[in-house]
Amino acid sequence: MDDKQEQRNIRRRGLHGRSMSLAVAEALKEEIAREKVDLYEKPYHRVCDSLLSSNSGYENYRGLLNLAMILLFLANFRVALENLIKYGILVDPLAIITVSLNDPYRWPSLLLILSLNLFILITFYVELCLARNYISPLVARVVYVANMFAVLAYPCAVVLWLHPNPIGSAVALFTSCVVFLKLISYHETNRWERDVLAIKSRRRHHARRPSDSGDPAPATPNPYRPTKYPDNIALHDLYYFMSAPTLCYELNFPRTPQIRKPFLARRFLEILFLSGLVISLIQQWLVPTVKNSVQPFNNMELSRMLERIFKLAIPNILIWLIWFYLFFHSYLNVVAEILRFGDREFYNDWWNAESIPAFWSNWNIPVHKWCRRHIYKPLLVRGYDKALATVVVFFLSAFFHEYLVSVPLKMFRMWAFVGMMAQIPLSYAVARFLSGNYANAAMWLSLIIGQPVAIIMYVHDYIIINNTQ
């Protein structure tokens, strides 16, 4: 009860008191009468929309969001409990180490990664010879193209010849793709710097007056001045770039003043915990589900196939989200912090994307920047339209996705390639017919449903080709 109501009650009780004056009593009676009139004459209805209508302007759905989270937790807890009852505990933290030590054919993947330094050194010495005018640009271009081809072809040949473990092969091929993209950026950036120097040299030559003579005074060395070409052609500069969490080369990267040890320790703990969590979820949840999904695809039972896809979708998207945080946030921040690399924009808010291109341009910023810098913009400068440039970018992405899946599995089914190229018509359809939250839901559905379909198709074909149970 508020203070005003309490005062009114006190006054009402005081009506019969001897100390209450007649004037005060009459005033209280009039106030009570006015309140009774207001009680019956005040309107209790007004024009308004229901709270859940879109026109109401209501936006506070926190309670419903909490309910959705509780239901999601309970549903997944039931599935996890069912998995434990059916299969028992399948988690083996030492399985990867044990398998790697017992089978010597796992080791070529590590040696393959170390051998990639040969291609890095070839690129460095080509750039060094160009900077010192030891070779012509034509000869350098021939060596450069052959070297880039070998970066991708050599690991592929080793994997297909020695048949190492598919997981180790995928890691080695992923590293070779990163080296490939970085060396292209390194070479192209230095070529642009040589072109800029040539243009400036011609301008100075034409602007020089006949009276000018003598050499310019030597510049005072400044350890804090930005690095300029060709001073950047050094092994320490190249290997810093090869280690940095970026695919685009620059002569001067932004640097942080110091290494933050508490931040680094938190990221290390995240890597240890999340790596174990991902391995456990794969062993306990994903592998049994995938194994049970092969038979329905063999028998072409449509209803069972759909049920398996939907059942696989939950652990797959959960593991994928954990992996995203593990790699793009924890791991890349650890590397950046150790190297004091300043640009930490490894991802953007792709989860709010309202179109397929918005998702692909926000979830992997390093690749997006590389494609935009070395493919998309150069094509536009050469006169090609945006649609063709976009198709070329998706085609290259589809090639690398297929390369990273088909070669380790030693089979070529093109499911990853077709899935990536299918993003183009899907992108058009979403942009044409959907917008806002509906477009965002379409993006999420393409991830939740598309990935399990590709996984099942590859596993199904792999088991059939290798005749394994």
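Residues are numbered from 1 along each chain as its sequence is written. In this predicted model local features need pLDDT of at least 70 and side-chain atom pairs count only at pLDDT 80 or more, while totals for chains, interfaces and linings use all residues, and side-chain values use heavy atoms, with hydrogens and water left out.

Trainee: Which element of the protein has the highest mean pLDDT?

Mentor: pLDDT is the predictor's confidence in each residue, from 0 to 100, and its mean over the protein is 83. Among the elements, where helices are DSSP runs (H or I, at least four residues) numbered from the N terminus, helix α1 (residues 3–13) has the lowest mean, 54, and the highest, 95, belongs to helix α9 (residues 235–243).

Trainee: Which helix supplies the largest share of the lining of the largest cavity?

Mentor: Val-79, Glu-82, Asn-83, Lys-86, Tyr-87, Trp-285, Thr-289 and Lys-311 line this cavity. On a 1 Å grid over the protein atoms alone, a cavity is a set of points where a 1.4 Å probe fits but cannot get out, and lining residues have an atom within 4 Å of a point. At least two residues each come from α10 (261–291) and α3 (62–87), and the largest share, five residues, comes from α3.

Trainee: Is Phe-417 buried or exposed?

Mentor: Phe-417 lies in helix α16 (residues 415–421). Buried means under 20% relative accessible area, and exposed over 50%. Because its relative accessibility is 18%, Phe-417 counts as buried.

Technical notes
1 Å grid on protein atoms, 1.4 Å probe; cavity = no way out; pocket = protein on both sides within 12 Å on 5 of 7 lines; lining within 4 Å. Buried < 20%, exposed > 50% of the residue type's maximum accessible area, 1.4 Å probe, protein only.
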